[in-house]
Amino acid sequence: MNDAKHKHSSEQPTTRREMSRRQFLSYALGGTTAFMAAGVTIPMIRFAVDPILQPTGAGDFVKVVEESKITNEPKSFKFQIHQVDGWYESDIELEAWIMKDEKGAVYALSPVCKHLGCTVNWNADTRYPNQFFCPCHEAHYTKEGKNLAVAPLPLDEYKIKIESGFVYLGKVQPNQHVTK
Ligand code: FES
């Protein structure tokens with residue numbers, strides 16, 4: 001009887017220890033997984049949402065800026081599109097980096113990094129002068145949007161038209177300016 005009692009009381013702490021170790025591990029793993037999932041999910045949500053944010057319908061162009069303001073140096077311009085999604089209507093702000101190529105043709109790049117969807121900036125890091133730079137994981141791109149590191153693809157480009165001295169931007173499409 002005493003033996004049995006003794007056995008019982010000596011097993012209890014072992015079980016409790018194993019449980020709490022298991023619990024600790026599951027909390028730790030759960031926390032790490034949630035943290036990693038958030039890091040992957042947030043940019044993925046942006047990717048999922050971005051196509052909705054693009055101008056819709058063939059031939060949709062938005063007047064963005066006077067052509068005379070465009071130089072060889074990339075400049076960032078924000079513009080709005082009106083979006084109708086079922087019953088819901090909204091104005092969405094988009095951004096484009098607009099500049100001239102070496103032949104003087106105007107083109108516009110999307111600021112959305114092709115790695116995981118953060119926003120690139122021109123000339124933002126002293127290690128990569130005259131390049132687009134993404135602060136999230138240090139992808140960088142040439143002025144034409146060619147991917148030099150980290151990102152798997154060149155920056156996308158907006159469809160563009162010049163009319164009556166103004167630059168109009170349309171849908172985002174794969175980069176046309178990068179020569180392989
Ligand atoms: S999102 Fe990773 S480098 Fe831009």
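## Terms and model

Two strands are said to pair if DSSP finds at least two bridges between them, where strands (E, at least two residues) and helices (H or I, at least four residues) are DSSP runs numbered from the N terminus. This is a predicted model, in which local features need pLDDT of at least 70 and side-chain atom pairs count only at pLDDT 80 or more, while totals for chains, interfaces and linings use all residues. Residues are numbered from 1 along each chain as its sequence is written.

## Confidence

The average pLDDT (the predictor's confidence in each residue, from 0 to 100) of the chain is 82, and 67% of the residues score at least 70.

## Overall build

The chain holds 1 helix and 10 strands, and from the N terminus their order is α-β-β-β-β-β-β-β-β-β-β.

## Two hairpins

Strand 2 (residues 75-85) pairs with strand 3 (residues 88-100) in the antiparallel sense through 11 bridges, and Phe77 lies opposite Ala96 of strand 3. Between these strands the hairpin has 2 residues, and Gly86 takes a positive phi near 65°.

Strand 9 (residues 157-163) and strand 10 (residues 166-173) run antiparallel and are joined by 6 bridges, with Glu163 having Phe166 in strand 10 as its bridge partner. This hairpin also has 2 residues between its strands, and Ser164 in the turn has a positive phi of about 50°.
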